[in-house]
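Thanks for coming. I have one model to go through, so please look at the screen.

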Amino acid sequence: ATYAVTRKPQNVKMGQGKGNIEYFVARVPAGKTMFHIPSLNPIPGYKPNFAAFREVAQIMPMATKFRVQNNIFPGNLSSGRK
């Protein structure tokens, strides 16, 4: 959900109502995946380069973590059921 954050102008006395909307915020629970970047052609042994994403992560106002998920399993598990 998105919430409005209000703020009164400076030098305004208390008791004159609520201030104007300053900006909006969204509450995100801890551990929630915010960005999912799918890998269309996963290659076994290939490690993707997250350099551009790491630069953006430094600017974000929260701790970030990158996780690589590949669905390649040893044996015949990757081919699916027949």
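I will start with the overall layout and then turn to a few residues.

This is a predicted model, in which local features need pLDDT of at least 70 and side-chain atom pairs count only at pLDDT 80 or more, while totals for chains, interfaces and linings use all residues. Residues are numbered from 1 along each chain as its sequence is written, and side-chain values use heavy atoms, leaving out hydrogens and water.

The protein has one helix and two strands, in the order β-β-α from the N terminus. These are DSSP runs, with helices being H or I of at least four residues and strands E of at least two.

How much of the protein is buried? Of its 82 residues, 4% count as buried, meaning under 20% relative accessible area, against over 50% for exposed and partly exposed in between, with a 1.4 Å probe and protein chains only. The accessible surface comes to about 8400 Å², and 55% of that belongs to carbon and sulfur atoms; the method is Shrake-Rupley with a 1.4 Å probe.

Now to Phe35. This residue sits in the loop between strand 2 (20–26) and helix 1 (51–59). Phe35 is exposed, at 58% relative accessible area.

Thr64 lies in the segment after helix 1 and is partly exposed, at 39%.

Last, Arg27 lies over the face of Tyr3, 4.4 Å from the ring centre. The rule asks for NZ of Lys or CZ of Arg within 6 Å of the ring centre and within 35 degrees of the ring normal.
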